Amino acid sequence: MSQVLTRKFLAKGLAVAVATLMLGTVAHAETQEQKEIKQLRQEIEALKTLVLQQQQVQQTQAVQIEQVKATPQQSAAAPKALSTKSDTEVKLYGFVRGDANYIIEGSSGDFSDVAKTNGQTNDKFVATAKTTRIGLDFKTNVEGAEIGGKLESDFAGTNDSFRVRQAYLTYENWLIGQTQSTFLSNHAPFMIDFSTNVGGGTTRLPMVRYGFDLTPATQLFLAAEKPNSNAADIKSSVPTLTAKLAHNFDDKKGNASARALVEVYKDENINKRKAGWGLAAGTTYQVLDPLKATLDVSYTKGVNGILYGTNANDAFVDDENDRNIEQNEIWAVQTGLTYSILPNLKTSIGYGALFADKDSDYADLNDVANKEVQQAWLNLVYSPVKPLEFGVEYVNGERKDFNNDKFKDNRIGLMSKYSF
């Protein structure tokens with residue numbers, strides 16, 4: 001009996017021991033597996049962090065590479081093209097230009113001179129490079145003030161001599177020096193001929209000018225300019241006063257201007273004074289993307305030589321009538337269209353005219369002066385590459401004096417130009 005109980009006890013004990021051993025082994029195995037899983041997760045997270053860091057490095061390097069590409073490469077050994085002692089910013093510009101004209105009938109010069117033609121030249125070929133131009137623009141900032149200037153020259157002086165076209169300095173809103181008269185417009189139709197067109201002008205005079213903004217789109221310019229009167233016995237002792245109101249359209253397709261001029265001169269022999277004056281208005285507008293239109297109208301009385309096509313002396317001393325100063329009255333117009341056929345091919349058609357009062361005392365005393373001057377032109381300009389331009393133009397002009405004598409100026413012009 002005791003042996004049977006002993007055997008049963010041993011069997012139960014053995015079973016308990018085996019069960020305990022098995023549970024311990026399983027628990028140990030589970031603990032080891034959890035450790036391995038945890039370690040694997042940590043390694044995965046570390047790998048993710050490393051990949052993210054690598055991506056950030058690559059993105060930073062890509063940005064730096066693009067910045068380097070966008071930065072102009074400069075050679076450390078290359079000297080500056082232009083430099084000044086005051087570190088002024090200098091811009092060189094200009095063009096090399098050649099012109100050839102076949103004169104069908106008209107004036108004998110290198111370019112059209114319809115206001116002076118007497119039809120003396122026929123079937124003649126002329127050529128020149130005197131319109132070649134070179135200029136410098138200056139700009140700097142001194143103690144918060146903007147200072148600038150321009151010096152521009154060409155070879156179209158007397159006997160094709162080198163001359164100064166423009167030379168002035170600017171200080172804030174002031175301009176002092178020589179440039180185009182404030183009375184003249186920028187509404188001239190495009191023309192290849194260097195002499196510019198009837199009804200417009202490029203007269204450049206020494207002046208002092210002040211300009212300021214009335215609104216962000218409207219500016220007013222007031223100037224005192226050198227008098228342009230050179231008639232016999234007539235002298236100007238005060239500057240010519242000019243004003244221009246310029247407005248840019250809100251759609252940025254064009255601009256308009258209104259201008260005025262007053263000059264005073266006297267006859268030195270009898271000390272008589274008289275005032276000449278003028279009014280003008282015009283506009284330039286981009287009618288369509290490829291089409292630009294211009295129109296400008298001027299009226300002057302006794303104003304000497306500002307507009308091209310007027311007589312050199314539009315004030316005249318009458319020696320037989322108490323030496324009165326007689327004045328010429330003129331209406332002038334210039335208008336035209338420029339059409340871009342292609343981005344590098346454009347054409348322009350233009351018309352300019354001047355009409356003087358034929359019933360004035362001035363007309364009675366100056367029967368050979370211009371009563372009417374008219375001019376029309378058509379051109380075509382091709383640019384194979386940006387700096388180069390080649391053009392051809394036909395100009396048909398005529399003037400009539402107060403005797404009703406007519407003189408023509410018809411020609412065909414060719415132009416080549418390299419701008420820099």
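Predicted model: local features only at pLDDT ≥ 70, side-chain atom pairs only at ≥ 80, totals over all residues.
1. Residue D409. D409 belongs to strand β20, which covers residues 406-419. With a relative accessibility of 0%, D409 counts as buried, because buried means under 20%. The side chain of D409 comes to 2.7 Å from the backbone nitrogen of S107. When neighbours within four places in sequence are left aside, D409 is in contact with E105, G106, S107, S112, D113, V114, T117, V395, N396 and G397.

2. Residue Y351. Y351 is placed in strand β17, residues 345-356. Its relative accessibility is 29%, so Y351 counts as partly exposed. Between the side chains of Y351 and Q374 there is a polar contact of 2.6 Å. Not counting residues up to four places away in sequence, Y351 touches V333, Q334, T335, Q374, Q375, A376 and W377. From Y351 to G397 the C-alpha separation is 9.7 Å, while 46 residues separate the two in sequence.

3. Strand β16 supplies the largest share, 3 residues.

4. The nonpolar cores. The largest nonpolar core has 12 residues, namely V114, A115, V198, Y308, I330, L354, A356, Y362, A363, A369, V373 and F402. The elements giving two or more residues to this core are β17 and α2 (361-365). Y308, a member of the largest core, has contacts beyond four places in sequence with residues including V114, A115, V198 and L354. Other contacts of Y308 include S112, D113, S195 and G199.

5. One of the pairs is D110 with K130, whose side chains meet at 3.1 Å, N to O. D110 lies in the loop between β1 and β2 (121-128) and K130 in the loop between β2 and β3 (133-142), so this pair ties together parts that are 20 residues apart in sequence. K130 has 17% relative accessibility and therefore counts as buried.

6. Salt bridges between strands. D154 forms a salt bridge with R165, and their closest N and O atoms are 3.6 Å apart. Because D154 is in strand β4 (residues 145-154) and R165 in strand β5 (residues 163-171), the pair ties together parts that are 11 residues apart in sequence. Both residues, D154 and R165, are buried. A network of salt bridges links E152, D154, R163 and R165. A further salt bridge joins the side chains of D296 and R259 at 2.8 Å, N to O. D296 lies in strand β13 (residues 291-301) and R259 in strand β11 (residues 254-267), so this pair ties together parts that are 37 residues apart in sequence. D296 and R259 are both buried.

Note on methods. Residues numbered from 1 in each chain as written. Heavy atoms only, no water. Helix = DSSP H or I, 4+ residues; strand = E, 2+ residues; numbered from the N terminus. Buried < 20%, exposed > 50% of the residue type's maximum accessible area, 1.4 Å probe, protein only. Polar contact = N/O pair within 3.5 Å; in protein donor to acceptor, adjacent residues only side chain to side chain. Contact = heavy atoms within 4.5 Å. Core = buried A, V, L, I, M, F, W, Y, C linked by side-chain atoms within 4.5 Å. Salt bridge = Lys/Arg side-chain N within 4 Å of Asp/Glu carboxyl O.
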